[in-house]
Structures are given as C-alpha cells and as structure tokens.
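Biologist: I have the complex open on my screen. Can you walk me through it?
Modeller: Go ahead and ask.

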Amino acid sequence: MLKSLIHSKTGLLGALILVFIVFLALTANLISPHNPFEQDIVHKLLNPVWTAGHDAKYFLGTDQLGRDVLSRLIYGSRVTLMVAFSGTVVAGIVGVILGCISGYYGGRIDAIVMRIADIQLSFPFILLALFIAAVLGSGLGNVVLIAGLCCWVQYARMVRGEVLSIKEIEYVEAVRALGGSNMRIIFVHILPNIASTIIVIATLQMARIVLMEASLSFLGLGVPIEIPTWGRMLAESRVNIVSYPWHAVFPGVLITLTVLGVNLLGDWMRDYFDPNLDV
Amino acid sequence: MEDKLVLNVDNLNVTFNTKRGTAKAVTDVSFTLHKGEKLGLVGESGCGKSVTCKSIMRLLPEPPAVLKGKIDLSGTSILDLTEKEMYAIRGNRISMIFQEPMVSLNPLYTIGNQLSEVITLHKKLSKEEAREAVIAMLKEVGIPSPEIRFKQYPFELSGGMRQRVMIAMALLCQPEILIADEPTTALDVTIQAQILDLLNGINKKFGTAIILITHDLGLVAENTDTVAVMYAGRIVEKAPVKQLFKHPQHPYTQGLLRSVPTMQDTGKDLPTIEGTVPSLYNLPKGCPFCTRCTKVQDKCHETMPPATAVAEGFVRCWLFADEHGEEGAEHVF
C-alpha cells in the first residue's frame, strides 16, 4: 500500500500535505514562536517580515489585537483537524449504521431513513449547518455534532446501496442457514466487505467538514471566540483586508491546502481500493 | 428405515402477498422424514421445492411470505418459533447447503475462521476445541491436509473443495436434517459423483436425514429412498424410489420420466410436456396440471383430486381416485 502511494504523485502530495498539518497540530505548543493568546497591543497589525511595516519578532506579522499570526495559524490547525476527524467519525458511525439497517431490512425502515436523507439533501448544506449551530450554540462539541448531523446522509446512501447488493450474495443466506443472527450478518459478514467504500466516502466528507468548520467560524457560529481557528482569522482579517491583505492570505491558503491534501489522498484511495483499476 | 420420525410437515401452505396479488407458492404439502431417510424433491423451476425447504428453515422473508400449517421437528413446532429461537435451530438441528459453492463462503475470512464461527455459535467450545472439531470434520468430508486448508481463503479452493467445506460447515453440529438445494448443479460430473458419495456416506455414518432438491432425475434414482414429485406448489406423487421409476402413476411423473434422454434414442426429438406451468397468482380451480395433461377429464378442471394410496406411495390424480376413492393418503406414507 505504501509502495503504491509513493508511485502515485498526487496521492503522495496529498499525504505529505496532511502529514505537515498533523505535525503542526501535534507540536503546536513546541514550535509556536509566541503564545497565540498573548496580546502585544504596541505591535498590532504588523505585516509579514518580507514586506514593509514588519517587526522581526513576528514572522508573519500580528493581527489587530497584536497577537502573533504564525502561532495562531499553528494552533488553528488543531481545531481544524479535531473537528475534521471527529466530525467524520461521528457522521460515519451514524450514516453507516442507518445505511446498513436501511439496506438490510428494507421495507418501511428503509423508506423512512431514505426519505429523511432526501429531505436533508434538498436543503443547502450551509443553511442546515447554520440552523443547527443557531439552535445548539457555539462550542467545539457542537461543531462536531453539526458535522455529524450534516454529513451522515452521504454515508447512509452509499452504504445502503452496497448492502443491497451484498446481501443478495449467497454466502449471506448460507450464514443465515447456519444460524447467524441478523446483527452478526450485518456487522461481521457485510460491513467488512464495504470497508473500502466507507474509507473513500470518509476522506471526501472530511474535506467538506474542514470547509464547514471554517465557514461556521467565519460566520461566528463555530467554536468559542477565544480558540484560534482559520475560519475566524479569515473573518477578523476581513475588516482590514484593503490595508493588510496578507492576514487573509495565510489562513485561506492553509484551508485550501488541507482540503486539497484530503481530496488528493481520497482520490488515490478510491483508485487503490477499486479492484477494476490496477494502481 | 422404520426409525424415529424427525420431521413432519403437515398441510404446509406458503403464499406471497405481493402488489400483483397473492402467489400460492406451496399448497397443502405434507410429508414425513425419518432418521437416516433420503428424500428427493423433484420438479421443474418454480414448482415450490426450494420454498418448501426454506420454509422448514424459516429462511423466507415474512412478510411477504405467509406460512400456514405445521412443521414439526422432532417435537419442536418450527412455525411457532421466534426469529431468535430459530438462530439456535439453523445450523444446529437443520442445516442447508446451496447450489453455488463459489459464492457460498465469505471471501474475507479463512475457511477455518468461518467453520469455527458456526461451531462457536451453537456450542460452548474454546478456540482450541473448536479448531480440533473443525479439522476433524474437514477430514471427514475428504479434504486432504485439513490443517493447511484451515488457514486458507475461499479463493484458494476449487469449486468441489468449497462444496466439501460447505458440507463440513453444515455438519459441524451434527444436525438431524441436511437440506441439499441442488448441491451439484454448479459442479462438473466427476465432482458431482464425489459429492453425492460423500453425502451418502454421511447419511449412513451419522444417520442424518437428507432432503435432496434437484431437477436431475438421474441423481434422484441413485441417491434417494423416497421421491416426492412437485408441480405448481403441490406434491402430485410420492413413492419409494424404485416404485416411482418403475411404475410412475401421475401423468406428470410419466411425462417427466419420458423426457429424460436415453442412450438408445439418440438423434430423435426428446418427448416434452406441452404447455407451461400455470401462473402461481392464478392457479386453476381443479388439478393444476389439467392444462397440460394428456388424460384430462371434465372433473379435473373442477376439483382438486385427493391423495390416493397406490402401493407404497400416493398420487393426486382423478385417474386413481376413481377406483379407490379414499382421501388423506399422504398422511399414511
């Protein structure tokens, strides 16, 4: 698997980007040059060191409260990754379970779950996220919950389709004829067969959740105001964007990079797990 | 063969309620099975062979299937059990092997893993004990070097091998009944003979009653004690195998036997039974075979003939009911 990843240029690039972001998040307290919360009001609104109006102490400059942009960016990766991972997992668990039940049992349960999914899909993603955020309030846990509530549909629909085809294969009936219970059939004999599909959806969903978290933070409905996030940094830099455009560039670039990295890796995974393609 | 009664199917009726209407897949089927008996269930596609057997294992989705009647497995009334109680019956007291050995095993697990799963589902055994039981059973079904096969995945085995594994899996808990649903259709003739020899050996050794579903009359002639011929959801004739082949009574059985190719008549057109099976949604009021029967009478269209005893079996046909006039013969044999 690792060999195939190295041979795929785009997959490798995606993986490297993600490794870089994960590295930032894990070592944030070690590599940050400053405390991201500390305000140095005398040195507020500084530009990066390669432009005019900078201070050598602050490599990427400071924001309107005099906080170090580089440190805030590094700490911001923690929120992004935390929300992206746990949001993907929460959505995955909900979606996979509902998809399995829906596909396996069929009938009324299937109809109900799939109609709810259809209704949810007919709403724009961000509208739904905003609605839930407004009801639940801000908070890291709530953002994860929102991600779960918004993204389970894609899992459920894909998993249902796969379960529908796999449950017709004879070995499922054979397991049943030999005394396997429904739960056993679903979780021991069907689920492992669709693991690759689930992994691929997860990577694609993760990119969406990164954007969702950034959007919510940008709109002020994401994580609490004191935690540095890329979305909020983008929102705060908006006020001074004409005079200090650099402050909007950095968080924007990081968001783009993360989404790009996840998507590139996801594409490679999809090809890798597709038995019809020889990677 | 006058052994213990293991299965008593009494007036089994299976209907499917669908949007198109009610399909009568099985009508008034009654038969018994004794310990060590080999029953052949023959008939053309859609005549209810598989539905009958799946009813015995309660494998049909209910709804749409509706099961009525009585199925008695040595004292246990199958149709009154809950799905949960069925888990303990399936694979333990009744087992089934299927038509397609190539897709009857989960490709993701090793042979040993899947076999051990069955045994630990039904018996409290340690991993090591389960392994020993599995290897012993693999040896029993004629798999060479079972210790190596134990660790292999299904794709590493041939079709005949996999069918042997399936049989081992079905026999692990020493069931009273083994249902073989066209077990050799997907295999070539040499392997077919080996698999049937294996089934016969198991039948002798463990006294497992076997229900063999097939449309191959040759298989039935060689490998069963009793044969039930099904047509459009009913057993139209049931008799010991020799009697059925020597003196087929029902016009449908006679037609079936005529349409078996023989070595003598090569090059000639094979005799066929004209017409098609009536729709299960709309069965004729009388005998279901009346639309194709060569000896049809007026009353065939009106009323279903009763089961009439003929020698050691019974037949459902007005040709015989006239002479004997007795009913309910299917319960005697």
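Biologist: What domains is chain B divided into?
Modeller: This is a predicted model, and in it chain B splits into domain 1 (5–93 + 173–260 + 273–331) and domain 2 (94–172).

Biologist: How many Å apart are the C-alpha centres of domain 1 and domain 2 of chain B?
Modeller: Those two C-alpha centres of chain B are 29 Å apart.

Biologist: And how many residues are in contact between domain 1 and domain 2 of chain B?
Modeller: On the domain 1 side of chain B there are 27 residues, in contact with 24 residues of domain 2 of chain B. Strand S7 (177–181) and helix H7 (189–206) of chain B each supply at least two residues of the domain 1 side. By class, that side of domain 1 of chain B has 17 nonpolar, five polar and five charged residues.

Biologist: OK, chain A. How many helices and strands?
Modeller: Chain A has 12 helices and zero strands. Its pattern along the sequence is therefore α-α-α-α-α-α-α-α-α-α-α-α.

Biologist: What box do the C-alpha atoms of chain A fill?
Modeller: Roughly 75 × 45 × 30 Å, taken along the principal axes. Of the 279 residues in chain A, 42% count as buried. Taking contacts in chain A between residues at least 6 apart in sequence, 70% join residues at least 24 apart.

Biologist: How many residues of chain A are in contact with chain B?
Modeller: 14 residues of chain A, and they are in contact with 21 residues of chain B. Helix H8 (residues 170–177) of chain A gives the most to the chain A side, with six residues. That side of chain A has six nonpolar, five polar and three charged residues.

Biologist: Now the largest nonpolar core. Which residues touch the most other members?
Modeller: A:Ala147, B:Ala168, B:Ile179 and B:Ile211 do, in a core of 160 residues. Helix H4 (residues 69–105) of chain A contributes the largest share of this core, 13 residues. From chain B, domain 1 (5–93 + 173–260 + 273–331) and domain 2 (94–172) each give the core at least three residues.

Biologist: What is A:Ala147 in contact with, leaving aside its neighbours within four places in sequence?
Modeller: A:Ala147 is in contact with A:Val83, A:Gly87, A:Val90, A:Ala91, A:Ile209 and A:Met212.

Biologist: Why does B:Asn11 count as partly exposed?
Modeller: Because B:Asn11 has 13 C-beta neighbours inside 10 Å, and partly exposed falls between the cut-offs of 12 or fewer for exposed and 20 or more for buried.

Biologist: What about B:Ala232, where is that found?
Modeller: B:Ala232 is in the loop between strand S9 (226–231) and strand S10 (234–240) of chain B. B:Ala232 also has a positive phi, about 45°, although it is not a glycine.

Biologist: Is B:Ala232 buried or exposed?
Modeller: Buried, because 25 other C-beta atoms lie within 10 Å of B:Ala232.

Biologist: Last one. What is the mean pLDDT of chain B?
Modeller: The mean pLDDT of chain B is 81, and 95% of its residues reach 70 or more. For the complex, the predictor gives an ipTM of 0.74 and a pTM of 0.76.

Definitions and conventions:
Residues are numbered from 1 along each chain as its sequence is written. Chains are lettered from A and ligands numbered from 1 in the order in which they are written. This is a predicted model: local features need pLDDT of at least 70, side-chain atom pairs count only at pLDDT 80 or more; totals for chains, interfaces and linings use all residues. Two residues are in contact if their C-beta atoms, placed from the backbone, lie within 7 Å. Helices (H or I, at least four residues) and strands (E, at least two) are DSSP runs, numbered from the N terminus. Ala, Val, Leu, Ile, Met, Phe, Trp, Tyr, Cys and Pro count as nonpolar, Asp, Glu, Lys and Arg as charged, and the others, Gly among them, as polar. A nonpolar core is a set of buried Ala, Val, Leu, Ile, Met, Phe, Trp, Tyr and Cys residues joined through C-beta atoms within 7 Å. Domain bounds come from an automatic or database domain assignment. pLDDT is the predictor's confidence in each residue, from 0 to 100.
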